[in-house]
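Please look through the following report with the sequence and the model side by side. It begins with the contact between two chains and then turns to each chain in turn.

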Amino acid sequence: MRVIARRLFFYLVTAVIAISLDFLIPRLIPGNPVEAILAKMPGQVTPAVIHALDVQFGVNTSASLWTQYVHYWSNVVHGNLGVSVGNGFAPVSTVIRGALPYTLGLIGVATVISFVLGTAIGAIVAWKRGSRLDSLLPVVTFFQAAPYFFLAFLALALFAIKLGWFPSGRAAQIGDFPAFTWTYISDVLDHAVLPGLTIVLASAAGWIVGMRNVMLTTMDEDYVLIAAAKGLAKPRVIWYAARNAILPSVSGFALAIGFIVSGSLLTEIVFSYPGLGSLLVQAVSDDDYALMQGLFLIITFAVLAANLIADFVYVFLDPRTRQEA
Amino acid sequence: MAVGIGAEQVTGGQPAPGIAPPGTQRRRQRPLRLPRSPKIIAGLAILAFFALWSVVGPLVRPYSPDQVFANATSPLAPSGAHWLGTTQAQQDVFSQMLVGGGDMLLVSLIAGVIATALSVVIGVSAGYLGGLTDELLSMLANIFLVMPALPLLVILFGFLGKTGSNDLFLVGLIISVTGWGWGARVLRAQTLSLRNRDYVDSARIIGERRSRIIFAEILPNLTPIVASSFLFTVLYAVGTYTAMAFLGLVNPNWSWGGILYYAAGDNAAVSGYWWWYIPPGLAVALLGTALVLLNFGIDEFINPRLRAAGMARRSGAGRRDRNLRSQQFGLTPVIRTVSGTPLDSPPEPQGIATHGGLA
């Protein structure tokens, strides 16, 4: 399909640029990251590790930039993202693999819920234009403007500490080991509810406003009037309008997802949730450059994959994109 | 989507009151008529409050923000001596709040100006020149839009180190690099629509220079969109700077995000130190709300449909005849049309516009 092929090409270019940025940034910004790392952990580092770090950041090397670049690509293709100095020199890919499922599960589910809920509410608010529902908008505006992690603070203090409805952080109880048992799974779900709710609350605002604004335009279309004039049931009429109004939301998904993921990662930090967000803050405090770079790549790839899914959904929803020109 | 001011110029309709008669050297265009909207007024009022806050705050702060008081082992709740209590390190939260706004506002303004300039240059060139230039520039904008900004900024600031992040201009510049894509995209779409309008065609046929067409014919009609994308970049920069400070990436200097960084580090939420994390979070949220409100105001100006509801209600029609109105099945009650013409292009995907800043 041409549309998908075009998008696929675009994502490929984006991925290549992301990988190239990952390579270039340490080499373009003045300063010696290896020295910074060594200054933090004197005496713990073997010469072999120093050499590996030198190669990774392009310090003390006689190889040309191009050779380094080619070498870098071969490493990335083989899944070798360097070693994480903050995690006892474990490979970055291993460190990330440990945290990735939590983030994918949490943010993935929360984003889908927020999109469905937000567009539904947005459609209804638009339909009931001028009613009391309009007073929802200032509240939504506030949630839209508040930093995700501030909402996380509030949710944590209110629902976990004051009311005691949810556990106050982490992904599972201490001493509860990962296993495919009901106790463990329910424990993980229990711990995911509050961070998930925070993300839904924070990101739904955008979908509500976006959907409402498009829906207001769609509602004036003739086919909506005709549907109503034919005497179709009201939910049916709303559905006809909403089906068309949702398209910009789906195509806007690509732009929004990066923001939602960023905000959600910061939310993880407040909840001490052991996902990529917590790794990010850990990498920052440890000056763990390789981990930062690895996280950038993984998060970018995840966002691109989410975009591709949204594109498939769009092609499925909008028959015009399926016409071969 | 010819907007207010432009439409008046083009259609040559009844000159609205307040417009100087033709013949004066430069027709005095009516200011955007924005201040009538309560959203705009509220937004501007909050913004003015924070601007005053960041100028006066450092002058009237009761203590130095890093002065250590008492030798208590946990943060003290608000009292007469410390209006917003103290932190874990026994520093005065209120003083930190007073000092913390300035840098953030400055960085956000710098980032907003640079990013808006970038997006105007790239968006308008792409839209007006078309062809391969358009393809490439659009792709560039889309790449910057799709790439998640947070981890990219983490690498940039990470390698730059804390000393580099003391330079407010540099911080603003880096934030703007990740924040211009949305504006460029919207401006390109609008330029594309404008360049085929009759009045632009006629200017071209008359033999106007390209620079004149762009600066005199097209740019003035992009004003509301430029304004809106400026506000969103500022909002984005506020969120991003707060997020960077919250991650401990930029030197906190007691910015509001920095206060939250220390509050999170000491588990303020779990321990119930509400006076420590609520003021900075609320301040950022309020500032953001002001920017979003201003933008809604501009949106309603561009697209009167979004506004009709509120007007109907204020004039009392909506309330009394709610039954009647719900029978209308969504037809826009045209209450008072402004000179804006109806939308002639489908609404742009909202993206950043609706999802606000990074945070």
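## The interface between chain A and chain B

Between chain A and chain B the count of salt bridges is zero, a salt bridge being a side-chain nitrogen of Lys or Arg within 4 Å of a carboxyl oxygen of Asp or Glu. Across the interface of chain A and chain B the rule likewise finds zero residue pairs in polar contact, with both residues required to be at pLDDT 80 or more; a polar contact is a pair of N or O atoms within 3.5 Å, where within protein one must be able to donate a hydrogen and the other to accept it, and residues adjacent in sequence count only if both atoms are side-chain atoms. This is a predicted model, in which local features need pLDDT of at least 70 and side-chain atom pairs count only at pLDDT 80 or more, whereas totals for chains, interfaces and linings use all residues. Side-chain values use heavy atoms, with hydrogens and water left out, residues are numbered from 1 along each chain as its sequence is written, and chains are lettered from A and ligands numbered from 1 in the order in which they are written.

The contact (heavy atoms within 4.5 Å) takes 77 residues from chain A and 70 residues from chain B. Together the two chains bury about 6700 Å², with 76% of it on carbon and sulfur atoms; buried area is the accessible area (1.4 Å probe) that two parts lose on being put together, summed over both. A:Phe153, A:Leu255 and A:Phe259 supply 12% of the area that chain A buries against chain B, more than any other three residues.

## Chain A as a whole

Chain A has twelve helices and two strands, where helices (H or I, at least four residues) and strands (E, at least two) are DSSP runs numbered from the N terminus. The C-alpha atoms of chain A fill a box of roughly 80 × 60 × 40 Å along the principal axes. Of the 325 residues in chain A, 52% are buried, that is, under 20% relative accessible area, with exposed over 50% and partly exposed in between (1.4 Å probe, protein chains only). Among the contacts in chain A with a separation of 6 or more, 75% join residues 24 or more positions apart.

## Helix 7 of chain B

Helix 7 of chain B (residues 181–194) has 14 residues, which at 1.5 Å a residue should span 20 Å, and its end C-alpha atoms are 20 Å apart, which agrees; the expected span is 1.5 Å times one less than the number of residues. This helix of chain B is mostly covered, with ten of its 14 residues buried, including B:Trp182, B:Val186, B:Leu187 and B:Leu194.
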